[in-house]
Amino acid sequence: MDSSNIFLSPNGKQIIGTAETVLATARIAGIDPDTQEPEYEGGTEIHWDRKPLRETAK
């Protein structure tokens, strides 16, 4: 990385990327009748075209 492209956070640590929130749908196989909790199937579809950047207060 070029030293002119180094960015620091307010606490002095180097910023190496962004924290992002990604909208995704976790597939379920059903709902547990006793707990009413989802029973996950194992696959997740990520909706890449809808990913907002998570920002912190300045």
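**Stop 1: the loop**

Select Q36, which sits in the loop between strand 1 (24–31) and strand 2. Before you go on, note that this is a predicted model. Look at the backbone of Q36: its phi is positive, about 65°, although Q36 is not a glycine. Is Q36 buried or exposed? Its relative accessibility is 55%. The cut-off for exposed is over 50%. Therefore Q36 counts as exposed.

Now select D32. This residue also belongs to the loop between strand 1 and strand 2. Show its side chain. Which backbone nitrogens does it reach? One is that of D34, at 2.7 Å. Another is that of T35, whose backbone nitrogen lies 3.0 Å from a polar atom of the D32 side chain. Next, look further along the sequence. Leaving out residues up to four places away, D32 touches E37 and E39.

**Stop 2: the two strands**

Zoom out and switch to the cartoon view. How many helices and strands does the protein have? There are zero helices and two strands. Colour strand 1 and strand 2. They pair in the antiparallel sense, over six bridges. Together they form a hairpin, with six residues between the strands. Q36, from the previous stop, is in the turn of this hairpin.

Pick out two pairs across the strands. Select I28 and find its bridge partner in strand 2, which is Y40. Then select T25.

**Stop 3**

H47 lies in the segment after strand 2 (38–46). Draw a distance between the two side chains. The side chain of H47 makes a polar contact with the side chain of T25, at 2.8 Å. What else does H47 touch? Set aside its neighbours within four places in sequence, and H47 is in contact with L23, A24 and T25.

**Stop 4: a nonpolar patch**

Select V22, I46 and W48. These residues form a nonpolar patch on the surface. Together they have about 290 Å² of accessible area. Focus on V22, found in the segment before strand 1. How accessible is V22? Its relative accessibility is 34%. Partly exposed covers values between the buried limit of 20% and the exposed limit of 50%. So V22 counts as partly exposed.

**Stop 5: before strand 1**

Move to L8, in the segment before strand 1. Which residues does L8 touch, not counting those up to four places away in sequence? They are K13, Q14 and I15. L8 has 55% relative accessibility, so L8 counts as exposed.

**Last stop: the whole protein**

Show everything again. How much of the protein is buried? Of its 58 residues, 2% count as buried. The accessible surface comes to about 5500 Å². Carbon and sulfur atoms account for 52% of that surface. Finally, consider contacts between residues at least 6 apart in sequence. Of these contacts, 24% join residues at least 24 apart.

Technical notes:
Residues are numbered from 1 along each chain as its sequence is written. This is a predicted model: local features need pLDDT of at least 70, side-chain atom pairs count only at pLDDT 80 or more; totals for chains, interfaces and linings use all residues. Side-chain values use heavy atoms; hydrogens and water are left out. Helices (H or I, at least four residues) and strands (E, at least two) are DSSP runs, numbered from the N terminus. Buried means under 20% relative accessible area, exposed over 50%, partly exposed in between (1.4 Å probe, protein chains only). Contact means heavy atoms within 4.5 Å. Accessible areas come from the Shrake-Rupley method with a 1.4 Å probe; for residues, only the protein chains shown count as cover. A polar contact is a pair of N or O atoms within 3.5 Å; within protein, one must be able to donate a hydrogen and the other to accept it, and residues adjacent in sequence count only if both atoms are side-chain atoms. Two strands pair if DSSP finds at least two bridges between them. Patches are made of residues with over 30% relative accessible area and no salt bridge: like charges are joined within 9 Å, nonpolar side chains (Val, Leu, Ile, Met, Phe, Trp, Tyr) within 5 Å. A salt bridge is a side-chain nitrogen of Lys or Arg within 4 Å of a carboxyl oxygen of Asp or Glu.
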